[in-house]
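Hi everyone, thanks for making time this morning. Let me put the sequence and the structure on the screen, and then I'll walk you through a few spots.

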Amino acid sequence: MIENKKKPNPIDIHVGSRIRLRRTMLGMSQEKLGESLGITFQQIQKYEKGTNRVGASRLQNISNILNVPVSFFFEDAPGEHSAGVGGMEASSSNYVVDFLSSSEGLQLNRAFVKISDPKVRRKVVELVKALAAEADAD
């Protein structure tokens with residue numbers, strides 16, 4: 001039997017995941033973003049999953065609310081063959097997106113940027129590197 005369900009376009013999924021990434025980086029709920037746009041949080045969920053396509057004017061509004069350029073939502077998009085941000089290869093910047101998309105990565109990032117002393121920040125980085133080296137040795 002042929003499956004009739006239409007699958008979301010990979011670009012729509014990517015744009016939705018970037019909306020979610022930025023929203024969570026800002027600590028904003030789906031409900032709050034929806035209120036700012038005059039839509040329900042369920043609609044935001046559909047955008048973030050790629051189930052519903054985000055129109056151009058709505059994407060412009062989202063970019064204003066989330067304080068990023070519209071191009072942010074298309075960075076590292078599937079089928080994009082150009083270099084990523086700052087001349088980096090797109091694949092090398094994917095780990096940053098993956099990290100910030102995780103709950104632990106987001107928490108670690110938020111806590112780390114609150115450390116004002118550069119020496120303490122360096123010590124935290126050294127600690128994490130040491131822990132990672134231990135994990136590699138096991």
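Predicted model: local features only at pLDDT ≥ 70, side-chain atom pairs only at ≥ 80, totals over all residues.

Residues are numbered from 1 along each chain as its sequence is written, and side-chain values use heavy atoms, with hydrogens and water left out.

Let's start with helix α4, residues 56-65. Helices here are DSSP runs (H or I, at least four residues), numbered from the N terminus. Which residues of α4 are buried? They are Leu59, Ile62 and Ser63; buried means under 20% relative accessible area, exposed means over 50%, and partly exposed is in between, with a 1.4 Å probe and protein chains only. Looking down the axis of α4, these buried residues fall within an arc of 100°, so they line one face of the helix. That arc is taken from the directions from the helix axis to the C-beta atoms. As a reminder, an α-helix has 3.6 residues a turn, so residues three or four places apart point the same way. On the other side of α4, Ser57 and Asn64 are exposed. The cover over the buried residues of α4 includes α1 (10-25) and α2 (30-37). Just after α4, Asn67 has a positive phi of about 60°.

Now to α1 and its packing against helix α3, residues 41-49. The two pack at an angle of about 120°, with axes 6 Å apart; axes are lines fitted to C-alpha atoms over the stretch in contact, and angles run from 0 to 180 degrees between N-to-C directions. On the α3 side, Tyr47, Glu48 and Lys49 meet α1 residues including Asp12, Ile13 and Gly16. Contact means heavy atoms within 4.5 Å.

His14 is also in α1, and at 14% relative accessibility it counts as buried. Leaving aside neighbours within four places in sequence, its contacts include Phe73, Phe74 and Pro78.

And how many aromatic pairs does a search of the whole structure find? One. Phe72 and Phe73 sit edge-to-face, 5.5 Å centre to centre with 80° between the planes; rings pair if their centres lie within 6.5 Å, and planes over 60 degrees apart count as edge-to-face. Phe72 is buried at 12%, and Phe73 is buried at 0%.

Technical notes:
Phe/Tyr/Trp six-rings, centres within 6.5 Å; stacked < 30°, edge-to-face > 60°.
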